[in-house]
Amino acid sequence: MKSKNEKIFLLLDFIAVVLSKIEKKSKFQKIPRYILAEKNLEVILKRKVTEEEIDSVFFFHALYLVQLIAFKPLMNCGAEITTDEKEEEYFLHQIRNKGVICVSAHLGIPESASILFAEKGAKIFVLVEDLNSKIQKIFFSRTRKLFGLNPLTSFKKMVEEIKAGSRNKMFAFLVDRPIPNSKDVEIFGEKSKMTDLPFRLSSKFGLKVFGVSAVRDSKMKIPPKPSISNWKIKLKIRELESFRDMVRFIEGEIYKNYVEWNPFFVFPFTKIYEE
């Protein structure tokens with residue numbers, strides 16, 4: 001017999017299943033999200049993707065939206081974040097000593113990493129897109145603040161925060177999507193673009209750069225299955241020495257956890273018009 005807490009998680013997972021079926025019929029910039037998911041995953045995997053894989057992508061994206069609202073309140077009921085103790089200790093030392101720059105991707109639930117470190121005194125700033133949709137702007141602003149994040153919509157504001165004092169601060173970037181003035185890179189064997197802002201800041205202010213990945217510890221991701229393990233997040237932290245290291249870290253984490261990646265974007269490598 002399932003406990004009351006397990007029933008809560010299964011209900012929320014079921015809601016995510018319903019939302020994923022709705023999202024599967026939606027469009028991004030007039031392009032069906034289904035097609036975007038299919039074409040972008042084919043670039044990563046170098047093969048045709050299955051319907052079960054597509055269903056998993058939509059499920060985990062819908063679950064991400066549900067978890068933005070419910071994850072932190074449910075940490076007393078079984079939702080949890082785990083990390084390697086030595087990685088965490090070294091990371092915390094760097095935060096407290098001088099501050100750090102973090103990079104991640106639209107993968108898993110990256111906001112969850114901020115819960116751990118906000119509770120230990122870190123102030124966390126993240127550079128985000130200035131969304132056109134008022135509803136999206138309100139939703140993401142409010143939910144990210146629940147996780148202890150301080151969203152910034154301009155690079156200038158982030159630089160000002162560093163200049164004001166970087167100790168006990170984290171400065172985060174989601175770098176898998178290109179932004180203006182991004183550098184040419186090769187990722188998944190294809191030409192694309194990725195920002196080097198984290199390493200420009202690192203060079204100017206002497207802050208270390210870390211790659212952070214926060215993905216679900218579930219062993220059953222394809223096909224998607226409602227489970228409390230979908231609410232157990234495994235945090236990975238790696239110090240990155242160079243822009244090339246960052247590209248390889250992002251590439252590797254997306255490849256290993258591709259059904260938790262948000263592929264609903266037109267990248268330079270998106271072969272959307274190919275037959």
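A cavity here is a set of grid points where a 1.4 Å probe fits but cannot get out. The model in view is predicted.

**Cavities**

By this rule there are 2 cavities of 30 Å³ or more. Strand β7 gives the most, with 4 residues. By class, the lining of the largest cavity has 15 nonpolar, 2 polar and 2 charged residues.

The second largest cavity has a volume of about 40 Å³. Its lining is made up of Asp 176, Ile 187, Phe 188, Ser 192, Met 194, Ile 254, Trp 261, Phe 267 and Phe 269. By class, that gives 7 nonpolar, 1 polar and 1 charged residues.

**A pocket**

Unlike a cavity, a pocket is an open set of points. The second largest pocket has a volume of about 200 Å³. Several stretches of the chain contribute to it. β3 (80–83), β10 (208–216), β11 (232–240) and α9 (243–256) each supply at least two lining residues. Which of the elements gives the most to this lining? Strand β11 does, with 3 residues. The residues that line the pocket are Thr 82, Thr 83, Asp 84, Glu 87, Ser 213, Val 215, Lys 234, Leu 235, Lys 236, Glu 253, Lys 256 and Asn 257. Sorted by class, the pocket lining has 2 nonpolar, 4 polar and 6 charged residues.

The volumes stand together below.

| Space | Volume |
|---|---|
| Second largest cavity | about 40 Å³ |
| Second largest pocket | about 200 Å³ |

**Helices α2 and α3**

Helix α2 spans residues 33–45, and helix α3 spans residues 51–70. Their axes come within 10 Å and cross at roughly 110°. Angles of 65 to 115 degrees count as roughly perpendicular, so α2 is roughly perpendicular to α3. The crossing of α2 past α3 is right-handed.

Which residues of α2 meet α3? They are Arg 33, Tyr 34, Ala 37, Glu 38, Leu 41 and Leu 45. On the α3 side, the partners are Glu 51, Glu 53, Ile 54, Val 57 and Phe 58. This contact of α2 with α3 divides into 7 nonpolar, no polar and 4 charged residues.

**Helices α7 and α8**

Helix α7 covers residues 155–163, and helix α8 covers residues 197–205. The two pack at an angle of about 30°, with axes 12 Å apart. Angles under 35 degrees count as roughly parallel, so α7 is roughly parallel to α8. Their crossing is right-handed.

From α7, the contact takes in Phe 155, Met 158, Val 159, Ile 162 and Lys 163. From α8 come Leu 197, Leu 201 and Phe 205. By class, the contact of α7 with α8 has 7 nonpolar, no polar and 1 charged residues.

Methods: Residues numbered from 1 in each chain as written. Predicted model: local features only at pLDDT ≥ 70, side-chain atom pairs only at ≥ 80, totals over all residues. Heavy atoms only, no water. Axes fitted to C-alpha atoms, helices over the stretch in contact; angles between N-to-C directions. Parallel < 35°, antiparallel > 145°, perpendicular 65-115°, else oblique. Left-handed = near helix turned anticlockwise from the far one by under 90°. Contact = heavy atoms within 4.5 Å. Nonpolar A, V, L, I, M, F, W, Y, C, P; charged D, E, K, R; others polar. 1 Å grid on protein atoms, 1.4 Å probe; cavity = no way out; pocket = protein on both sides within 12 Å on 5 of 7 lines; lining within 4 Å. Points joined across faces, edges and corners; volume = space filled by probe spheres on them.
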